[in-house]
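Please read this report beside the sequence and the model.

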Amino acid sequence: MEFCLFYRGKLPSNGDIKEKHRIRLALQPQIEKLWEQKPLSGLLSKKMKNGKENDLVTDIGGIRFQSIVTGNLNMIADLEIDFLRYGNPGELVQCGDIDNRVKTLFDALRSPNNSSEIPTGPEFDSENKKIIFCLLDDDRLIANLKINTFQNLNGDDENDVILLIKVKTRLTSLIYDNMGL
């Protein structure tokens, strides 16, 4: 499968759990739409018929997370990110510490590892009561990464970014459950 995710907003280096979860929630509607389309919609209905939804959904702290790229389906992902950021061309390290910003993004793209990675508070209560759709079950499933940086001529805050995340999923081995992906 190949698709793109779009994000516009804050991407701080060393983002805390609230910032990572805000990014996760911002991307969530796009990922949910992917689950409504083939081939993922077919996979979900096939799994539901077999009563195996539980290997697509992870319960963490009472919140259900469903990821597209999961080890249960023997999948990995290649990412190419067009990264528009504040600062002059070539100032990758001076303007925003790109490696830590990408780590914040990776944490936001995956399901939390445990309940300590899920923020609490009124701004998250309603979102945390439904299923949350994520790209990755684990960021270790990222096999290849390419980042293209550009100057965001519209931004004036070093934490504001525009990201176009191009995703290509691959199977590491064929099993019955991942046929058609």
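Cys4 is partly exposed, at 44% relative accessible area. Cys134, by contrast, is buried at 1%. Here buried means under 20% relative accessible area, exposed means over 50%, and partly exposed lies in between (1.4 Å probe, protein chains only). The search of the whole structure finds zero disulfides. A disulfide would be a pair of cysteine sulfur atoms within 2.5 Å.

This is a predicted model, in which local features need pLDDT of at least 70 and side-chain atom pairs count only at pLDDT 80 or more, while totals for chains, interfaces and linings use all residues. Residues are numbered from 1 along each chain as its sequence is written, and side-chain values use heavy atoms, with hydrogens and water left out.

**Salt bridges**

The structure holds 12 salt bridges. The criterion is a side-chain nitrogen of Lys or Arg within 4 Å of a carboxyl oxygen of Asp or Glu. Side chains of opposite charge can pair when their charged atoms come close.

| Salt bridge | Closest N to O |
|---|---|
| Lys10 and Asp160 | 2.9 Å |
| Asp82 and Lys166 | 3.1 Å |

Take Lys10 and Asp160, which form a salt bridge. This pair links distant parts of the chain, 150 residues apart: Lys10 sits in strand β1 (residues 2-10) and Asp160 in strand β7 (residues 160-171). Helices (H or I, at least four residues) and strands (E, at least two) are DSSP runs, numbered from the N terminus. Lys10 is partly exposed at 42%. Asp160 is also partly exposed, at 22%.

Asp82 and Lys166 form another salt bridge. Asp82 lies in strand β4 (residues 75-85) and Lys166 in strand β7, so this pair too links distant parts of the chain, 84 residues apart. Asp82 is buried at 15%. Lys166 is partly exposed at 28%.

How far apart in helix α3 are Lys103 and Asp107? They are four residues apart in α3 (residues 98-109), which means a separation of about one helical turn. Lys103 is partly exposed at 40%, whereas Asp107 is buried at 5%.

Arg110 is in the loop between α3 and α4 (122-125). Is this arginine buried or exposed? Arg110 is buried, with a relative accessible area of 6%. Not counting residues up to four places away in sequence, Arg110 touches Arg24, Glu117, Cys134, Leu136, Asp137, Asp138 and Asp139. A contact means heavy atoms within 4.5 Å.

Strand β5 (residues 132-136) is mostly covered, with five of its five residues buried. Strand β3 (residues 63-69) runs parallel to β5, and four bridges join them. Strands count as paired if DSSP finds at least two bridges between them. Ser67 has Cys134 of β5 as its bridge partner.

**A nonpolar patch**

Leu171, Leu174, Tyr176 and Met179 make a nonpolar surface patch of about 420 Å². Patches are made of residues with over 30% relative accessible area and no salt bridge; like charges are joined within 9 Å, nonpolar side chains (Val, Leu, Ile, Met, Phe, Trp, Tyr) within 5 Å. Areas come from the Shrake-Rupley method with a 1.4 Å probe; for residues, only the protein chains shown count as cover. Met179 is in the segment after β7. Met179 is partly exposed at 47%.
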